[in-house]
Amino acid sequence: MSEDTRKVARGPLGDARPVHEAEDDRPKGKPFEKVEDRPNVGTVKPEDYPAGDRDSARPD
């Protein structure tokens, strides 16, 4: 018997009940966060790099 057929909800006589919602056993994700509460990832300031690296990277 395959894994999918065992998860089908069954009636008292063993008949399949397709309209019955079976419990979802998949792992749940993280709860939603407000945009304001999310960490700001990927923001870089010029001060994050040494002055020598900044000067040598300029196209001038």
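This is a predicted model: local features need pLDDT of at least 70, side-chain atom pairs count only at pLDDT 80 or more; totals for chains, interfaces and linings use all residues.
**Tyr49**

Exposed would need over 50%, and buried would need under 20%.

Next I looked up where Tyr49 sits. I found Tyr49 in the loop between helix H1 (3-6) and helix H2 (51-56).

Which residues is Tyr49 in contact with, leaving aside its neighbours within four places in sequence? I noted Val44 and Arg54.

**Asp15**

I turned to Asp15. Asp15 is also a loop residue, placed between H1 and H2. I read off a relative accessible area of 42% for Asp15. The exposed class starts over 50% and the buried class ends under 20%, so Asp15 is partly exposed.

I then checked contacts, again skipping neighbours within four places in sequence. Asp15 is in contact with Ala9 and Arg10.

**Whole chain**

Last, I stepped back to the chain. How many helices and strands does the secondary structure come to? I counted two helices and zero strands.

I looked up burial too. The chain has 60 residues, and buried ones make up 3% of them.

Key: Residues are numbered from 1 along each chain as its sequence is written. Side-chain values use heavy atoms; hydrogens and water are left out. Helices (H or I, at least four residues) and strands (E, at least two) are DSSP runs, numbered from the N terminus. Buried means under 20% relative accessible area, exposed over 50%, partly exposed in between (1.4 Å probe, protein chains only). Contact means heavy atoms within 4.5 Å.
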